[in-house]
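The entries follow in the order in which I looked.

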Amino acid sequence: MTAEQKKSWEIRLEDLTLGYEDKVVLNKINASIPGGKISVILGSSGGGKSTLLRHLVGLRRPMSGKIILDKYDMFAMPDKEFRALRRRMGMLFQDGALLGSMNLADNVALPLREHTSLPEEVIREVVLYNLDLVGLAQAADYYPNELSGGMRKRAGLARAMVAAPPILLCDEPTSGLDPINSGQMDALLLNLKEQNPDMTIVVVSHDIESLFTIADHVMILHGGGIAFNGTLEELKNTQDQFLKRFLDRETIYEESRKEEHRSLRPETQEEVRNALDKWLGRN
Amino acid sequence: MVLGLQGYNALSTVGSEGMLGTLIALGLVRELGPVLTAIMITGRAGSAMTAEIGVMRISEQLDALEVMDINPYAFLIAPRMLASLIVFPLLTSVFNVVGILGGYFTGVYLLGLNGGIYLHRVQSAVEFDDLFLCFIKSLLFALIVSSVCCFKGFFTHMRTDSAGPEAVSKATTSAVVLSCILILVFDYVATTFFI
Ligand SMILES: Nc1ncnc2c1ncn2[C@@H]1O[C@H](COP(=O)(O)OP(=O)(O)OP(=O)(O)O)[C@@H](O)[C@H]1O
Ligand SMILES: [Mg+2]
């Protein structure tokens with residue numbers, strides 16, 4: 001490996017506006033995501049986290065502005081170089097996005113089979129190594145629909161990692177997982193980081209617990225812009241009321257408990273109770 | 001077989017029941033064989049293609065392929081087109097043979113025609129050009145059905161009337177409808193070219 005390839009890749013967003021058709025999701029954001037670190041992108045549901053990730057990996061083009069990887073302006077490149085650049089990225093999709101028609105081993109082997117002429121034994125070995133890394137060596141012959149959500153995510157991670165990309169993007173790796181599986185996923189990402197110190201990992205999440213476990217760097221999206229972009233330490237020490245509330249479910253819970261809700265009119269209550277009594281045969 | 005019954009009735013009004021073999025063989029080989037086979041395959045396999053590719057779209061599998069720099073046309077669509085090009089002519093031939101045997105059954109056993117004459121009519125009616133037209137039509141329909149069904153599935157996410165699983169079901173319906181319409185239209189076009 002040359003020195004140029006060895007160093008880590010930084011991602012810079014410049015005046016970036018993202019959206020769908022006529023709807024702007026993120027407006028003129030400027031930020032940088034440091035290379036060789038785990039960065040967590042946080043935000044409320046519908047805040048544009050997945051949208052940002054889909055643009056980072058080049059699945060959609062921004063409405064305006066630039067995404068700069070290292071020193072390459074992603075969307076100003078000829079198609080061939082753009083694709084070469086994208087090969088440097090691995091992506092873990094929200095539900096793994098494994099091909100349903102193939103078993104795990106074939107899914108993980110796919111990038112190698114398509115793009116290299118490695119002999120079958122070598123591919124098999126690399127695949128089993130990667131599956132073992134995510135704890136799925138025993139499940140190599142299973143099909144994706146025979147696995148739990150957590151296993152699918154881990155297999156998706158193995159597939160994203162098999163081509164050893166310098167940039168790894170993960171969409172909600174812990175959402176929908178029980179605490180044990182979430183913990184395993186966090187540990188997995190930290191292990192990956194340890195083994196590949198130069199790898200830039202971007203994780204989209206709204207799992208505060210996992211944020212504190214894995215993040216070096218944090219970016220918070222809110223209301224079409226960036227509410228925070230800095231290290232985890234800076235976030236912990238912030239005095240900003242909004243950010244504090246964001247991180248602290250306790251205060252939101254207290255506030256929501258105090259909210260007044262209007263209740264049903266007494267006549268309606270009476271009518272509904274009678275109807276239900278009749279249905280349930282209570283009289 | 002229905003063709004046998006109807007044809008027998010119609011022909012017997014003008015006193016030429018003996019032509020039944022000709023009617024059935026030409027009707028099947030030139031028109032009904034390729035068209036009905038194509039419509040049946042559309043319902044059975046075409047809809048499955050659209051649904052499968054549509055599900056791949058909404059579950060981000062197609063995005064994953066793109067990120068892995070795997071060309072979905074070569075990886076997913078080309079093999080399905082190739083398979084269709086092989087299967088359509090084969091199944092059309094099977095359909096023709098079964099149809100002609102069905103006509104034999106109706107004509108000879110139920111209506112009492114002479115079996116030898118029926119088969120002789122079949123044999124002398126069908127010429128190389130008819131078989132060639134049948135073959136060309138089945139290839140044409142294979143291209144139509146596989147491309148319509150694959151692309152409807154592939155562009156499931158572009159639908160404006162619905163999203164998610166609902167879009168897959170709408171895409172499947174519209175793929176089947178569009179395929180059937182195009183089959184009938186291009187059947188007409190192909191026939192005019194050959195006559
Ligand atoms: N394909 C699409 N077409 C049009 N609008 C979309 C599309 N995908 C997402 N959006 C809209 O963009 C906004 C941001 O969506 P996005 O999926 O990026 O949110 P998110 O932060 O990932 O949310 P979640 O935490 O629920 O995954 C939402 O308002 C959503 O309705
Ligand atoms: Mg999302």
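I began with A:E270, which at 41% relative accessibility counts as partly exposed (buried is under 20% relative accessible area, exposed over 50%, partly exposed in between, with a 1.4 Å probe and protein chains only). I note that this is a predicted model, in which local features need pLDDT of at least 70 and side-chain atom pairs count only at pLDDT 80 or more, while totals for chains, interfaces and linings use all residues. Residues are numbered from 1 along each chain as its sequence is written, chains are lettered from A and ligands numbered from 1 in the order in which they are written, and side-chain values use heavy atoms, with hydrogens and water left out.

I then looked for the partner of A:E270 and found a salt bridge with A:R273, the closest N and O atoms being 3.6 Å apart (a side-chain nitrogen of Lys or Arg within 4 Å of a carboxyl oxygen of Asp or Glu). A:R273 is partly exposed as well, at 44%. Because the two are three residues apart in helix α12 (residues 266–280) of chain A, about one helical turn separates A:E270 and A:R273 (helices are DSSP runs of H or I with at least four residues, strands runs of E with at least two, numbered from the N terminus).

Next I checked A:E267, whose salt bridge with A:R265 has its closest N and O atoms 3.2 Å apart; A:E267 is partly exposed at 48%, whereas A:R265 is exposed at 53%.

I turned to A:I38, which I placed in strand β3 (residues 38–43) of chain A and found buried, with a relative accessible area of 0%. Leaving out residues up to four places away in sequence, I found that A:I38 touches, among others, A:L189, A:I201, A:V203 and A:D216 (contact means heavy atoms within 4.5 Å). From A:I38 to A:L276 I noted 238 residues in sequence and 54 Å in space, C-alpha to C-alpha.
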